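Subject: Structure handover

Hello,

Here is the structure I promised to pass on. Please open it first, then read the notes below.

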Amino acid sequence: MLEDLAAWVEAHRLQACHWFTVDCFDHLRHGGRISAAAATVGNVLNIKPLLHVDGEGVLGVVKKPRGRNKAIRELIARMQESWQSEISPMVIVGHGDDESAALKLKDAIASQFPQAQVHIADIGPVIGAHTGPGMLALTYWGSNR
């Protein structure tokens, strides 16, 4: 049984897709990921960057939507591209102290993917220290890790 689980994890480890956005750039600046100037410009322009950790473990900006609604549409677009419900219908919406945004994302997923089993989860303090309040994440099994 344990060997079967280990084989499954090995076979699917690169199919765990996770995309997220942050509400402001302050925590990315404090963590040294971006400059103070970039943080100021991003905040003024209301950019909600779509971030992703790739198969090599590198964090990158994929897109720079302006506004929370556009960021949510971008998260849904990534899921539309590659969600593999046959692996698991479970979808996790993570949030950093922004349950209303998490519910909005959950409703958008439910309308586009009625077979999805969407669960909402708070993020922990370690990730929260890097992303800040307002972080919104979408995690599912798919092909676009």
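A residue is called buried under 20% relative accessible area, exposed over 50%, and partly exposed in between (1.4 Å probe, protein chains only). This is a predicted model, where local features need pLDDT of at least 70, side-chain atom pairs count only at pLDDT 80 or more, and totals for chains, interfaces and linings use all residues. Residues are numbered from 1 along each chain as its sequence is written, and side-chain values use heavy atoms, leaving out hydrogens and water.

Start with Arg78. Arg78 sits in helix α4; helices are DSSP runs of H or I, at least four residues, strands are runs of E, at least two, and both are numbered from the N terminus. Its relative accessible area is 11%, so Arg78 is buried.

Next, the salt bridges. Each needs a side-chain nitrogen of Lys or Arg within 4 Å of a carboxyl oxygen of Asp or Glu. The structure has 7. One joins Glu74 to Arg78, with the closest N and O atoms 3.8 Å apart. Both residues are buried. They are 4 residues apart in helix α4, so about one helical turn separates them.

Another pairs Asp98 with Arg68, at 3.5 Å from N to O. This pair links distant parts of the chain, 30 residues apart. Asp98 is buried at 19%, and Arg68 is buried at 15%.

Glu10 and Arg13 form a salt bridge too, at 2.9 Å between the closest N and O atoms. Glu10 is partly exposed at 48%. Arg13 is partly exposed at 44%.

Best wishes
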